[in-house]
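This briefing goes through one structure topic by topic. Please have the sequence and the coordinates open while reading.

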Amino acid sequence: MAGKNNALQKPVTVSPELENVIGKGPMTRAEVTKKVWDYIKANDLQKPTDKRTIVPDAKLGGVIGKDEISMFKMTAAVSKHLS
């Protein structure tokens, strides 16, 4: 049972680099994750041969680094831009 104290529902502050990708915060962690994925899909940043691999463009690279990254490691990279 997820209540109001669920960490995913708590508003967080977004870094300027992440704001360039998903817009102005604060927003919940769930909203951040959804908006990052919306950006990835809208800009076709998944590797065609392996959809689990993200190939960042310049904007997303400012958040998660310039190299390809697994979608599982991407969440940790994005978390560094939340407070």
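In this predicted model, the buried residues of α4 are covered by elements that include α1, α2, β4, α3 and β5. The buried residues in question are Met74, Ala77 and Val78. They span an arc of only 95° around the axis, so they sit on the same side of α4.

**Helix α4**

- The other side of α4 carries Phe72 and Lys73, which are exposed.
- The N-terminal end of α4 is capped by serine 70, with a side-chain oxygen 3.0 Å from the backbone nitrogen of phenylalanine 72.

**Nonpolar core**

- The largest nonpolar core has 21 residues, and those touching the most other members are Leu18, Val32, Ile54, Ile64 and Met74.
- Four helices, α1 (16–22), α2 (29–42), α3 (58–64) and α4 (71–79), each supply at least two residues of this core.
- With 5 residues, α2 gives the most to this core.
- Leaving aside residues up to four places away in sequence, valine 32 is in contact with Val12, Val14, Leu18, Ile22, Met27, Val78 and Leu82.

**Helix α2**

- Helix α2 is made of 14 residues, and the distance from its first C-alpha to its last is 20 Å, close to the 20 Å expected at 1.5 Å a residue.
- Val32, Val36, Trp37, Tyr39 and Ile40 are the buried residues of α2.
- Viewed down the axis of α2, these buried residues fall within an arc of 155°, so they line one face of the helix.
- On the face of α2 turned away from the buried side are the exposed residues Lys34, Lys41 and Ala42.

**Aspartate 44, after α2**

- Aspartate 44 follows α2 and belongs to the loop between α2 and β3.
- Its phi is near 55°, a positive value in a residue other than glycine.
- The relative accessible area of aspartate 44 is 61%, which is over the 50% cut-off, so the residue counts as exposed.

**Sheet**

- Three strands form an open sheet in the order β3-β4-β5, and the pairing is antiparallel.
- The edges are held by β3 (46–47) and β5 (69–70); each has a single partner strand, so one side of each has no neighbour in the sheet.
- Strand β3 is joined by 2 bridges to β4 (residues 50–54), and the two run antiparallel.
- Opposite glutamine 46 stands isoleucine 54 of β4.
- Isoleucine 54 is also listed among the core residues that touch the most other members.

- Serine 15 is located in the loop between β1 (11–12) and α1.
- The relative accessibility of serine 15 is 12%, below the 20% cut-off, so serine 15 counts as buried.
- Two polar contacts of the serine 15 side chain can be listed: one reaches the side chain of glutamate 17 at 3.2 Å, and another reaches the side chain of histidine 81 at 2.8 Å.
- Glutamate 17 is part of helix α1 and is partly exposed, with a relative accessible area of 37%.
- Not counting residues up to four places away in sequence, glutamate 17 touches Gly62, Val63 and His81.
- Histidine 81 is therefore a polar partner of the serine 15 side chain and, by the 4.5 Å cut-off for heavy atoms, a contact of glutamate 17.
- From glutamate 17 to alanine 42 the separation is 25 residues in sequence and 18 Å in space, C-alpha to C-alpha.
- Alanine 42 is one of the exposed residues on the face of α2 turned away from its buried side.

**Cis peptide bond**

- The peptide bond from glycine 25 to proline 26 is cis, and its omega is near 0°.
- Proline 26 lies in the loop between α1 and β2 (27–28).

Methods:
Residues are numbered from 1 along each chain as its sequence is written. This is a predicted model: local features need pLDDT of at least 70, side-chain atom pairs count only at pLDDT 80 or more; totals for chains, interfaces and linings use all residues. Side-chain values use heavy atoms; hydrogens and water are left out. A nonpolar core is a set of buried Ala, Val, Leu, Ile, Met, Phe, Trp, Tyr and Cys residues joined through side-chain atoms within 4.5 Å. Buried means under 20% relative accessible area, exposed over 50%, partly exposed in between (1.4 Å probe, protein chains only). Two strands pair if DSSP finds at least two bridges between them. The expected span of a helix is 1.5 Å times one less than its number of residues. The arc is that of the directions from the helix axis to the C-beta atoms. A polar contact is a pair of N or O atoms within 3.5 Å; within protein, one must be able to donate a hydrogen and the other to accept it, and residues adjacent in sequence count only if both atoms are side-chain atoms.
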